[in-house]
Amino acid sequence: LNVPLAAAAPETAPVLAALTHPRGRIWSIGGGKGGIGKSLLAASLGHELCRLGKRVVLVDADLGGANLHTCLGVAPPDLTLGDFICRRVERIEDVVVPTAYPRLGLVSGASDFLAAANIKHLQKVRVLNRIRSLNVDIVLLDLGAGTSFNIIDFFLASDLGLLTVIPEPTSIENGYRFIKSALYRKLRAAAQHELLREIVDGALDPKSPRGIRTPLELLAAVQRECPDSLDLVKREMAAFRPRFVVNQVRGGQDAAVGHQLVTACARHLGIRAEYAGFVHYDDAVWQGVRQRRLFAAASPTCRAAGEVAQLARTLLQAEPLALAW
Amino acid sequence: MSSQTLYDVLGVVPSAGLSQIEKAYRRALDLYSEGSLATYTLLDQGEQESLRQRVQHAYDVLRDPAKRSRYDEELRTGRSPAPESAPARTPAPAPAGGPPAPAPRAVYMPPARPGA
């Protein structure tokens, strides 16, 4: 990297030095809906991971709507992800810019290249391969709103996928839509039988003749019509484990929504999601945005900052980095 | 759905104590309450009501030592529970002259985790 990400944490430095091809972990932050705090969560989580000694690069993958740089108080960089996608820059390392925080780099997606929102498959593969080869501990992808293939593919390519929701029906609705879209795309990619692909395609349209509305109903259809693929579908479903983060919590009942989402996913979708943590609504967050400063750095003792710190510790425990190598 | 035990309905292990059963019952009621966020768009009104009835039925049996003992015995011997002990599923009310209510949605109850 040509950016001052500083040295690795003492405990990881010898390991990194010994590796010929060090490989970081990719974490992504999606959520389906806009305006629920994904970018602020990504920025503050990245900041906290760095405080814990990890070398992190944040990638603003909200192509066409990027503003992660603003959350971090960084001026729109000259070189962005769009430059790498368009091959104006060959190396992804060359579009990593430093931030005010040690060990935290940024690949901005500043909206100078709107066509980047429609990147082609090969471009996407190139981006994913290159960010995976970055010489850092964790690459944090800030995904845009919606369930476009690009967003879903980045989410599925991650080692750990966080699904941000806020305790409002619109967000929950989009969260479930995101989960189903991601799972069906995963199944579509794994499908070897044409009939299985047809069933999965049907599930994408609840008004199709099969009337599949949930992954469990899809499973039943596979068992009925394409039993040879049943084990494959079960395996893919078992491997799909989104982790919920409930943001803008205003009370205990809101925080409990995360547990209920996990239960509802298991019982009614057949998906084993997990509850990673919650972050309270906190005035310090929007005050930080106004000042174009990261709230976790501007007000490190605020409630939301403490909860993001807890979230970072929880995720690190769930994803021991040593296992990645 | 018929293969589910009342313990599955509440999401507890068969050895669960009364306090665990009560805790699970309250959680299930919250999950399937009207206005529940977590089931929004997953379940319709009729499905919610049906699940609330099943949860209530499970709780009524499992909190009562005598009823629970009889139920456990039925589970052990493989005999079906008494007909009146299983409430019928209530489908969503169809609007007058409208299409029939949709078929019940598949519901998977995961095995209870230890300590649940």
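**Interface and salt bridges in a predicted two-chain model**

Between chain B and chain A, 0 salt bridges are counted. The model is predicted. Polar contacts do cross the interface of chain B and chain A: 3 residue pairs are found, both residues of each pair being at pLDDT 80 or more. On chain B, the side that touches chain A draws at least two residues from each of α1 (6-10), α2 (18-31) and α3 (45-62). The largest share comes from α1(B), with 3 residues. By type, the residues on this side of chain B are 18 nonpolar, 2 polar and 4 charged.

The extent of an interface is often expressed as the accessible area lost when the parts come together. Here the area buried between chain B and chain A is about 1,900 Å². Carbon and sulfur atoms give 63% of that area. The contact involves 24 residues from chain B and 21 residues from chain A. The model has an ipTM of 0.78 and a pTM of 0.83.

Chain A contains 14 helices and 8 strands. Of its 325 residues, 57% are buried. Among contacts in chain A between residues at least 6 apart in sequence, 77% join residues at least 24 apart. Mean pLDDT for chain A is 87, and 88% of its residues reach 70 or more. Residues 1-22 of chain A have pLDDT below 50, and this stretch makes 41 contacts in the model beyond near neighbours in sequence.

Chain B has 4 helices and 0 strands. Its pattern along the sequence is α-α-α-α. Buried residues account for 38% of the 116 residues in chain B. For contacts in chain B with a separation of 6 or more, 64% are between residues 24 or more positions apart. Mean pLDDT for chain B is 76, with 66% of its residues at 70 or more. Over residues 82-116 of chain B, pLDDT stays under 50. The model has 64 contacts for that stretch beyond four places in sequence. Where pLDDT is low, predicted coordinates should not be read in detail.

Within chain A, A:I138 lies in strand β5 (residues 138-143). A:I138 is classed as buried because its relative accessibility is 0%.

Side chains of opposite charge can pair when their charged atoms come close. Over all chains, the structure holds 23 salt bridges. In one of these, the side chains of A:R51 and A:E48 meet at 3.1 Å, N to O. Both residues lie in helix α2 (residues 38-51) of chain A, 3 residues apart, about one turn of the helix. A:R51 is exposed, with a relative accessible area of 57%, whereas A:E48 is buried at 5%.

A:R303 and A:E307 form another salt bridge, with their closest N and O atoms 3.8 Å apart. These residues are 4 apart in helix α14 (residues 303-318) of chain A, so about one helical turn separates them. A:R303 is exposed at 52% relative accessible area. A:E307 counts as buried at 14%.

A:D159 also forms a salt bridge with A:R132, the closest N and O atoms lying 3.4 Å apart. This pair links distant parts of the chain, 27 residues apart: A:D159 is in the loop between α6 (149-156) and β6 (160-165), and A:R132 is in helix α5 (residues 121-132). A:D159 is partly exposed, at 24% relative accessible area. A:R25, A:R132 and A:D159 are joined in a network of salt bridges.

Key: Residues numbered from 1 in each chain as written. Chains lettered and ligands numbered in written order. Heavy atoms only, no water. Contact = heavy atoms within 4.5 Å. Buried area = accessible area lost by both parts, 1.4 Å probe. Salt bridge = Lys/Arg side-chain N within 4 Å of Asp/Glu carboxyl O. Polar contact = N/O pair within 3.5 Å; in protein donor to acceptor, adjacent residues only side chain to side chain. Nonpolar A, V, L, I, M, F, W, Y, C, P; charged D, E, K, R; others polar. pLDDT = per-residue confidence, 0-100. Buried < 20%, exposed > 50% of the residue type's maximum accessible area, 1.4 Å probe, protein only.
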